[in-house]
Amino acid sequence: MRELFCNEMEFVYDERALLERLHCEDTEAEPFVRALELLEEARPYLKPAFAVREFSIDKHQSEGITVNGCFFKSKIVAKKLENEKKVFAYIATSGRKICEFAKRHDDLLDEYLLDQIAYLSYLQAMDKMSLEIENLFGIEKHIRLCPGSVIDWSVEEVKKIFVLMEGLYQDLDVNVMASGLIEPLKSTSGLFYATDEEFASCEICPRAVCESRKAPFDGDLHDEMVNL
Ligand code: SF4
């Protein structure tokens, strides 16, 4: 069983990413200037991290798949993985400390700006994870499927991903709540598989307003998937 674990990443300041995240047009914008001040304070708390573990799929059914004894109930996941023998579970996080640091701020704008900085930290964990998956596993392209993002896959099933990630999630200092949400909040977990196919869960997610949308909604694909 192959694994990746990384909790010693350096957060790298990226001016363009911060400008985009804050919807600021230039570095003179007030929120951006304040974010830079907060970033200096926040640096010791920025600890992007991730972990990955490889599994064989035990069983494919039309209603879902079984991985290491855990049944994941989603027709869409079952369809996407119908020809796969291997799947990888992952968790990526901004790090707990930056989220706690953000919560300690009473000023709403400061808390929002720190939240956005935490989100950038999480994105850096995801980028590094993709790079390492390619470097160490030779997987150039993969598709991620997350409970709560795939429309017929309950967010509560994040708890089962954590069962697969036993040992690693404790080392990442993240935990899952009864609802399936992860603490700290700027974290995600799910399954991914190697493929050349182009697909993002956002394509079949009808949510009208989402800051994290990565692909436009595709109504035809949505209808095809919900009618599996
Ligand atoms: S649009 Fe937003 S909520 Fe929907 S799958 Fe994409 S990131 Fe998740």
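1. Contact is taken here as heavy atoms within 4.5 Å. On that basis, Leu145 touches Val77, Lys80, Leu81, Val150, Trp153, Gly190, Leu191, Tyr193 and Phe199, its neighbours within four places in sequence being set aside.

2. The model is predicted: local features need pLDDT of at least 70, side-chain atom pairs count only at pLDDT 80 or more, and totals for chains, interfaces and linings use all residues. Residues are numbered from 1 along each chain as its sequence is written, and side-chain values use heavy atoms, without hydrogens and water.

3. Leu145 also belongs to the largest nonpolar core, which has 34 residues. A nonpolar core is a set of buried Ala, Val, Leu, Ile, Met, Phe, Trp, Tyr and Cys residues joined through side-chain atoms within 4.5 Å, where buried means under 20% relative accessible area (1.4 Å probe, protein chains only). The members touching the most others are Ile65, Phe72, Leu81, Leu145, Trp153, Leu164 and Leu191. A second, separate core of 21 residues includes Cys24, Ala35, Leu114 and Leu120.

4. Which residues line the largest cavity? They are Phe11, Tyr13, Asp14, Leu18, Leu39, Ile117 and Leu120. A cavity is a set of points, on a 1 Å grid over the protein atoms alone, where a 1.4 Å probe fits but cannot get out; lining residues have an atom within 4 Å of a point.

5. The ligand is surrounded by Ser149, Cys202, Cys205, Arg207, Cys210, Ser212 and Arg213 (a heavy atom within 4 Å). By class, this shell has 3 nonpolar, 2 polar and 2 charged residues (nonpolar: Ala, Val, Leu, Ile, Met, Phe, Trp, Tyr, Cys and Pro; charged: Asp, Glu, Lys and Arg; polar: the others, Gly among them).

Conventions: Buried means under 20% relative accessible area, exposed over 50%, partly exposed in between (1.4 Å probe, protein chains only). On a 1 Å grid over the protein atoms alone, a cavity is a set of points where a 1.4 Å probe fits but cannot get out, and a pocket is an open set with protein on both sides within 12 Å along at least five of seven lines; lining residues have an atom within 4 Å of a point.
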